[in-house]
Amino acid sequence: MNGEILRHDVEHEAVLEQTVFECLRIAKLQVQPPVQARELIFIKMCRLPIVKMRSAGLEVRGVLSRLDKKIKVRVSALDQDLYWKKNDVTETSTLNEAEKRLLLALAGHLESIRREGGDALHTKLREFLKEKEAGRAPQFWSQQHIQVMMAKAVCRAIAECRPLWLSRPHDPTRTWTPWLGIFVPDDPFDFSAAISFAFTAAETDHEFKDRGAKLARKNARVTSLEVRFDPNPNQIVPKKWINGFWFFNNKSHPRNFVIPWPKWMQ
């Protein structure tokens with residue numbers, strides 16, 4: 001396996017007697033890129049960073065977070081108009097002033113719900129914006145570049161008055177954790193109180209070097225999925241790709257999970 005993310009809703013008959021390549025074409029999970037430029041390159045990056053084959057399935061490492069609150073960020077008509085006037089779909093590595101204004105509005109909304117758990121995410125988001133204000137554009141197809149692209153997807157959702165889904169790291173040893181992830185659900189009109197889970201994984205610098213990769217030649221890998229979660233036996237099943245960006249701690253939050261083999265493979 002090379003980190004491909006497979007669908008679990010494929011009928012056995014659909015892949016019966018198909019070649020390996022045709023089977024992968026049918027069963028590979030569809031990815032909706034966060035930006036409208038260089039989509040094919042991004043899709044090639046959407047792989048599980050580190051996998052181990054087990055009898056029960058693929059062992060993966062990443063952050064499981066609980067998607068448990070949808071919000072709508074209200075912005076002025078002036079900021080909305082500015083976003084659409086400044087929107088450049090070919091620019092994927094930097095945030096323009098209109099996008100920064102939308103993210104500042106998001107930070108303000110998070111501050112208003114800080115007692116529910118928005119304080120940490122509000123602080124992280126403002127630090128992110130301050131860093132983008134002072135720093136250079138990230139190297140293309142690095143994890144930092146991916147984070148900017150995901151931020152752009154969140155900006156577009158705000159401009160379109162779509163809901164955003166906040167997530168908090170799932171920790172069975174703790175009764176409460178702060179929100180640290182912001183995702184864009186598929187349905188632009190769904191503001192329900194539905195609860196789900198996200199699984200995110202990003203290649204660390206160490207893992208990237210272990211692959212012998214050079215940024216000039218290869219791209220970092222990233223995973224951002226909505227999943228079904230079964231705590232016993234600690235399994236996750238991919239449902240769909242979900243765009244969003246997060247500020248999880250790459251040392252303390254990742255855990256090992258098993259993605260069971262799809263039934264069509266058995």
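Which residues are linked with Arg66 in a network of salt bridges? Asp68 and Arg168 are the other members of that network. A salt bridge here is a side-chain nitrogen of Lys or Arg within 4 Å of a carboxyl oxygen of Asp or Glu. Before going on, keep in mind that this is a predicted model, where local features need pLDDT of at least 70 and side-chain atom pairs count only at pLDDT 80 or more, while totals for chains, interfaces and linings use all residues. Residues are numbered from 1 along each chain as its sequence is written, and side-chain values use heavy atoms, with hydrogens and water left out.

Helices (H or I, at least four residues) and strands (E, at least two) are DSSP runs, numbered from the N terminus. Six of the six residues in β3 are buried, meaning under 20% relative accessible area, with exposed being over 50% and partly exposed in between (1.4 Å probe, protein chains only). In a regular strand the side chains alternate between the two faces of the sheet.

What does β3 pair with? Strand β2 (residues 57–71) runs antiparallel to β3, with six bridges between them, and strand β4 (residues 181–183) is also antiparallel to β3, joined by three bridges. Pairing calls for at least two DSSP bridges between two strands. Across from Leu166 you'll find Lys69, and the bridge partner of Trp165 is Phe183 in β4.

Now back to the charges. The structure holds 16 salt bridges. In one of them, Asp68 meets Arg66, with the closest N and O atoms 3.8 Å apart; Arg66 is partly exposed at 31% relative accessible area. Another joins Glu116 and Lys69 at 3.3 Å, N to O. Glu116 lies in the loop between α5 (97–112) and α6 (119–134) and Lys69 in β2, so this pair ties together parts 47 residues apart in sequence.

Finally, take a look at Lys152 in helix α7 (residues 143–159). Lys152 is buried, with a relative accessible area of 7%. A polar atom of the Lys152 side chain lies 2.9 Å from the backbone oxygen of Thr94. Leaving aside neighbours within four places in sequence, Lys152 is in contact (heavy atoms within 4.5 Å) with residues including Val35, Glu91, Leu95 and Glu99.

Definitions and conventions: A polar contact is a pair of N or O atoms within 3.5 Å; within protein, one must be able to donate a hydrogen and the other to accept it, and residues adjacent in sequence count only if both atoms are side-chain atoms.
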